[in-house]
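Here's a quick tour of a protein model, with a focus on its charged side chains. Have a look at the picture, then read on.

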Amino acid sequence: MYNACASAMHPLSQFAASASDRAALREIMNQVASALDDISPELKAAILGHGLPFAWPKEARRAARQLGGEVRQAEIEPRLDLRGLPFVTIDGEDAKDFDDAVFARRENSGDWRLFVAIADVSHYVAPGGALDAEARERGTSVYFPDFVIPMLPEELSNELCSLKPQVDRLALACEMRIAADGELLDSSFHEAVIHSRARLTYEQAAAMTATAGGEAEGRISKRHGKLQKHLENLHELFKVLQKRRRDCASIEFETVETRLVLDASRTVREIVPVERNDAHRLIEECMLCANVAAARLLRKAGLPVLYRVHKGPDEEKLADLRECLRSRGLTLKGGASPHPSDYQRLLGQLADRPDRELLQTLLIRSLSQAVYQPENFGHFGLNFPEYAHFTSPIRRYPDLLVHRAIRHLIRARSQPSARAGGKARGKSRNASYPYSLAAMDELGELCSSAERRADAAGYQATNWLKCEYMRAHVGDEFPGIVSAVTSFGLFVQLCDVHVDGLVHISMLGNDYYHHDPVRHVLEGERHRARFQLGDTIRVQVVSVLPEEQKIELRLASSDERCAVVGTSDYRGRRDRRRGDSRGRGASRNSVGHQRRGSPGRRRR
């Protein structure tokens, strides 16, 4: 399948040799042009700039329509019937693609029984078909502030596959037995059918489990009163799982996430911090359990699959991190191979520091980026020996591949912990799971690349909107925190609006500045003015260029540092002797505060 947007930017002859190929490509290009006419400039720039597949090929649309809009009785009969269990979905307020539903109960033995039902996308999207080809091309859904490019057509992602309330839905269900202390004892997987009782938002679920009642809690409990006990069970299990994970030294970064509030014209009205509550964490713990159970099953089965792999820090990053921490009176223990517990212990020491969030960012940057690959090296951050993405097949292609592997094991009946419910018939591996180790290795690289592409596009669109918002604040002064130190200047996070801008080195006065990339410091040679990561300063917005994603700042005249460095005498001056006059990297105005992935969910 051609990348539709990339095709629109290249000559036809590069992609299509035959007349029929050229005709098909022209149709895709026309679809792209028509669709892009209806979206905003920042989205268009992000989509085209990163080559995101955008228009749906005719074959994929046809395949989605042919599946129909309802679950048929013939599809239900061979499955384990879990419609008697009061599953619920808990998602963000704006979510439409409900991947997962949960239910838990306490057993007489004191153990817990947790069911995590995941949309059975693998039932509808077969390997090698038109829908599969397009899902593989996209790799992931792409989330913008108020717009989504889904991995699957809306007929599936928002309707037939989505675990909507009060309708029957096909699911791949993970049933887990969890000890009273939170240890995952065993698990089994089933091709199932469920009937969700309610679609709850995080706020509603949190209100139903709140210890202190109130008017809002009362209204929600009245509406969903029959589910109150089940929500309380989930909350009790969550506390057990959370304690277990903390005891096992899983690293918990609590960084500030923000949300752009847009009006009807897609203008940013405000930028607000996202408040995570226990309902967010409850769902996260349930999903982590299911992902671990899936990874354990697949490791034992020996199938070529994609694990979510997160390696520890490399030697060079670790040395730089320790040097920076030492300059701030902090120590990361563990020698050449620190354990996640060493990171977690250090995080505990940052709780009351004003530079806590920025130091957390340094710790995150010292770690490797998580990737998809068939070789299992475990997940360092979570401290799991094996981990796979199982819980989001509507929006992530690796999860769909994991579902296919588990589905294959169920139907082959080769694993007792992957048993099917009832009459499921076996299939050969070539038909149900046609993947070699080499193919899986290639798919891992494709999926990891698609994830990075989606992140970059999302950041670009978000940064554009932040710049548009800051246009109204040119000339205004803000308190800020130095969020990054580079050879060409300081990135400063504006405290009141959660936006970053650049104080170029030419705005720091008539001096020659030395950059220490390890300690994250800029220091003047003559006047000894010193700027380091985490410093609190006051800045003024000089200019905003949304197309270039630049917010230019200078030290405010009211900041005491201004008198030291003489910034007021050098406003607007560009001195090529100091730093990089090209402003290398100056397009950055966000330092990791924009959440990626499904609304309300953290990606691990």
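Is Arg 72 buried, partly exposed or exposed? Arg 72 counts as partly exposed, at 47% relative accessibility; the cut-offs are under 20% relative accessible area for buried, over 50% for exposed and in between for partly exposed, with a 1.4 Å probe and protein chains only.

This is a predicted model, where local features need pLDDT of at least 70, side-chain atom pairs count only at pLDDT 80 or more, and totals for chains, interfaces and linings use all residues. Residues are numbered from 1 along each chain as its sequence is written, and side-chain values use heavy atoms, leaving out hydrogens and water.

**The whole protein**
- The protein has 20 helices and 21 strands, which are DSSP runs numbered from the N terminus (helices: H or I, at least four residues; strands: E, at least two).
- Of its 604 residues, 56% are buried.

**Salt bridges**
- You'll find 45 salt bridges here, each a side-chain nitrogen of Lys or Arg within 4 Å of a carboxyl oxygen of Asp or Glu.
- Arg 72 pairs up with Glu 75 in one of them, with the closest N and O atoms 3.5 Å apart; Glu 75 is buried at 11% relative accessibility.

- Arg 411 and Glu 191 form a salt bridge at 3.0 Å, N to O.
- Arg 411 sits in helix α17 (residues 397–412) and Glu 191 in strand β8 (residues 184–195), so this pair ties together parts 220 residues apart in sequence.
- Arg 411 is buried at 19%, and Glu 191 is buried at 4%.
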